[in-house]
Amino acid sequence: MMDRWFEFLFKYQPIVFRRGEIAFASGLSTEWIVLLLVGLLILAFLSYSRTGTPLPTRTKFGLIALRTGLLWMLFVCLLQPVIRLSVVIPQRSFVALLADDSQSMSIADEADGRRIDVVQRLLSASSAFHQRLNEKFKLRLYAFSRKARRDPTLSLTASGEGTDLAAAIETALDDFRGLPLSAIVLMSDGANTVNADFLPLINTLKARRVPLYIVGLGRAHFDRDIELAKVDLPRSILQGSTIRASLTIKSDRVRRARVLVQEGERTIRSRMVELPHGHQVQPITIDFTPAGAGLKRYTFVVEPLPDELIDENNRREAMVMVRDAHPRILYVEGEPRWEYGKLRAALNEEKNVTLTSLLRTAKNKYYRQGVETPDELADGFPQTKEDLFRFKGLILGSVEATFFSFEQLKNIEAFVAERGGGFLMLGGRRAFSAGGYATTPIADLLPIYLNDQAPAAALRRVHPRLTFNGTLHAITRLSDDAVMNAEIWNALPAVTVREVPSGVKPGAIILLEGRSDHGPPVPLLVYQRYGRGRSLAFMAEDSWRWQMQRPFEDQSHERFWKQLLRYLVNEAPDPVMVTTDRDAYDLGDVVRIRADVYSRAFHPLRDATVTARISAPNGRRDIVQLEWTPEGGGYVGEWTSRERGIHRLEVTAQRQGDIIGRAHAGFIVGDVHREFRDAEQHVDFLRRLAEETGGRYYTSETAHRLPEEIVYQENAASMRITKELWDMPINFLVLIGLASLEWLLRKRHRLP
Amino acid sequence: MGRERTIITSMGAMVLLFIMGTARGQSDRVDDTTRFTFARIKYSGPLVGRATLFGQGLPPWAHDYPRGGRHLMKIVTELTSIEADPDEVILTFDDPRLFDYPFAYLCEVGFMQLSDAEIKGLREYLLRGGFLIVDDFRGRWALDNLREHLHRAFPEYELEELDISHPIFNCFFNIETLDVVPPYGGGIPKFYGLSDAHGRLMMVVNYNNDISEYWEWSDDPFLPIEETNQAYKFGVNYIIYALTH
């Protein structure tokens with residue numbers, strides 16, 4: 001509408017003024033123009049210097065200003081103003097017309113149908129759009145999704161399983177090497193499904209003076225659609241552990257939705273979630289425990305609304321490798337105490353995590369439990385990194401720092417930093433500052449600050465309370481229901497702390513704090529990442545009260561310790577690890593495999609032979625040799641998916657004929673429906689792309705202006721034209737307006 | 001007079017505030033209850049009064065008290081890394097404070113008559129992780145009385161005789177034989193145990209024996225040193241086992 005008014009008043013479209021240069025055709029020099037303008041000003045002044053009726057000063061100057069404006073306006077028109085600009089010579093250059101043919105173009109969110117329908121209507125031979133373009137340019141039509149193809153008949157099906165805008169534009173540019181290409185017209189929703197850097201492409205377009213004219217299709221926001229935008233869950237987990245899946249649900253106006261979790265074909269969770277109004281993105285979490293070990297396929301579904309716009313973006317699939325592994329934790333305790341025995345007892349029904357303990361029962365006398373061989377730990381705490389690094393977790397109880405040699409303390413630090421193990425220190429008479437750790441490498445490792453001086457033996461009895469982070473964390477989840485979880489924690493008996501840390505390190509997270517009637521809360525369970533591993537401090541020394549002072553059916557104590565110890569080792573790496581860049585792929589996607597291989601001392605190995613075996617559902621096996629890459633240090637390889645279904649991946653690392661280890665992973669090839677995710681029109685992206693390259697962005701409503709505007713550009717196939725401006729309606733309107741105002745003012749002051 | 005009253009009132013208020021402040025500052029501080037503490041089980045029964053005539057005029061549940069427990073705690077502190085409280089606490093099975101002390105001692109069970117509340121407390125105590133030594137009793141009638149009580153508390157478990165291969169006999173000292181000499185009485189000592197579903201021994205029973213008698217008189221030549229040493233080995237092992245299983 002605005003553009004129509006503009007064209008009425010200024011005779012030409014706005015783009016003419018944007019692209020052109022204004023000049024005067026009279027040939028008068030600037031000096032003369034200035035001189036004449038001053039002369040007209042003086043003339044206007046003189047004409048009001050002597051009036052029969054005395055005038056107030058303000059009125060007098062007002063009349064002079066109006067007369068000056070009138071004279072100047074007439075003078076400017078007499079100077080013959082023109083606008084000069086470049087315009088393409090008809091049929092001398094090409095326009096490449098790229099039509100998005102991907103699946104997202106089938107979304108029916110345009111005013112009168114699907115996005116693809118708008119394209120087909122604009123490009124039909126009978127449409128004014130097509131005809132006007134065809135008059136000015138030699139058109140070459142392309143359909144594109146992942147790749148662009150020339151398609152003179154433009155038979156669009158909206159069936160492409162991906163969109164690569166950059167590749168499509170590059171294809172067109174390549175086709176027109178040596179040919180005069182005036183512009184590229186892109187018709188798309190901008191929902192790119194490939195990560196691409198557009199900066200080099202923009203620079204190429206600018207260098208070749210090929211602007212992008214973009215017709216953006218689809219709505220920028222959906223009203224009746226829920227999208228399961230993201231699902232995050234661990235790719236690998238120890239058998240028996242609970243998975244916390246973090247889901248991101250996108251919706252604008254939908255208030256509630258039901259979320260289902262399926263393991264294989266079986267629904268294992270169903271939950272109604274509230275979606276606050278106006279919150280476009282809503283994160284939720286769902287907990288579940290995989291049944292048994294092996295490669296598990298999970299489908300997350302947000303139940304579609306009755307009249308939902310896109311059903312395909314309501315589900316996502318994920319693969320989880322449930323490991324039937326038996327990671328070992330070494331627990332070193334300096335004195336027989338209830339915390340030791342009750343912690344061991346809490347793991348009675350734990351089938352995966354193995355607790356091996358070294359208990360000093362007397363000076364130089366040890367009691368070993370959970371050892372694999374009669375000789376294991378017979379000489380006390382492991383002397384070498386190799387021996388220590390066989391464990392994935394390490395717990396230090398009430399045992400003083402001088403129990404260890406300095407080398408052993410350094411090895412403990414390296415156990416977390418280099419090996420990626422989990423470390424936990426428990427409260428006790430000989431732990432933390434009281435154990436003399438403040439000046440040891442363990443102080444670096446701990447998530448709390450230690451005091452140089454051992455604290456006075458002032459015991460505090462505090463009640464465990466969840467912090468906000470604690471309410472979200474797997475360790476402190478004693479019930480899947482958040483309210484019940486808080487109630488369970490509030491009901492647990494008080495515990496004793498001997499030391500209040502002088503501070504918690506930056507980046508450390510407090511999961512539990514101890515509260516008493518007096519004084520501020522004290523950190524009870526704190527955790528931080530350290531190097532490749534994780535480090536925890538549990539300040540209490542009698543969590544056994546959670547067992548002894550609750551009914552024996554209450555499993556809080558057992559569950560807390562099982563979860564804590566699983567967390568300790570869940571992500572501790574093995575010598576050979578394998579991952580893929582995603583866990584769900586479309587047919588034809590490239591699967592990027594990465595393996596990390598370490599020695600027994602967990603130094604990266606660069607000279608290993610690493611082989612990946614991919615087993616497809618039909619039984620076919622492909623072998624991919626992985627090669628060392630200095631980028632991030634690992635072995636990488638690629639494989640292209642050709643069959644739908646669950647694929648199993650086994651990586652074997654060998655060195656000098658010896659097998660270092662094997663690792664397993666899995667992924668699924670199927671309908672990822674990438675095209676229907678984040679499928680709103682990406683208006684800002686498309687507008688910026690057009691403007692950066694010197695082109696313009698249009699909507700389906702304004703697209704009809706494109707054929708008129710695209711002609712105004714300067715290139716080898718264009719010519720300069722001049723358009724007169726003196727006869728623009730706005731000029732006459734201004735003249736009439738100024739004359740009328742002057743006349744009215746004169747009348748008001750009774751001037752002739 | 002009025003001024004004096006004001007001064008006295010002000011001083012009184014300051015003293016009160018000081019006391020309140022001190023109390024407030026220390027109110028969340030507690031004694032060290034994390035030390036190993038021996039709990040003695042007190043019980044009642046129709047024969048308790050009669051049994052009080054024996055054992056230095058003490059009720060049967062208090063036989064060898066307090067010297068037996070105190071001597072054992074001294075030995076435990078000397079020999080092991082355990083920080084033990086020399087004083088034992090005396091509680092009944094239905095006292096909730098018992099759950100603060102996961103190690104308990106019970107004797108002369110032939111005279112014991114437990115109420116339903118005590119039976120419930122016994123069951124909870126052992127299933128939650130408590131450990132009980134049953135000592136200082138002899139005769140079939142006393143063992144049957146114990147069995148009867150245990151059947152009420154643990155219908156699903158039975159007392160079983162222990163042999164030398166059980167970890168409780170080698171977790172600290174390697175005890176070589178269970179053929180021990182009782183301090184008195186003619187019966188043959190036997191060791192019984194009650195285990196939970198996970199195989200954890202919840203209770204050890206010194207039948208026809210009184211190892212606490214040896215502990216009690218260990219500072220007196222009244223009993224032979226060999227047997228006394230052996231009794232201490234059992235006591236220390238019971239504690240280490242309870243703390244580690």
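Me: How many residues of domain 5 of chain A are in contact with domain 3 of chain A?
Reply: This is a predicted model, in which local features need pLDDT of at least 70 and side-chain atom pairs count only at pLDDT 80 or more, while totals for chains, interfaces and linings use all residues. Residues are numbered from 1 along each chain as its sequence is written, and chains are lettered from A in the order in which they are written. Domain bounds come from an automatic or database domain assignment, which gives domain 3 as 227-324 and domain 5 as 576-669 in chain A. Seven residues of domain 3 of chain A touch domain 5 of chain A, where the number in contact is 10.

Me: Which element gives the most to the side of domain 3 of chain A that touches domain 5 of chain A?
Reply: Strands are DSSP runs of E, at least two residues long, and helices are runs of H or I, at least four, both numbered from the N terminus. Two elements of chain A give two or more residues to this side, β14 (294-302) and β15 (315-323). With four residues, the element that gives the most is β15(A).

Me: Which element gives the largest share of the side of chain A that touches chain B?
Reply: Here 32 residues of chain A are in contact with 27 residues of chain B. Elements of chain A giving two or more residues include β17 (354-362) and α9 (338-346). The largest share, five residues, comes from α9(A).

Conventions
Two residues are in contact if their C-beta atoms, placed from the backbone, lie within 7 Å.
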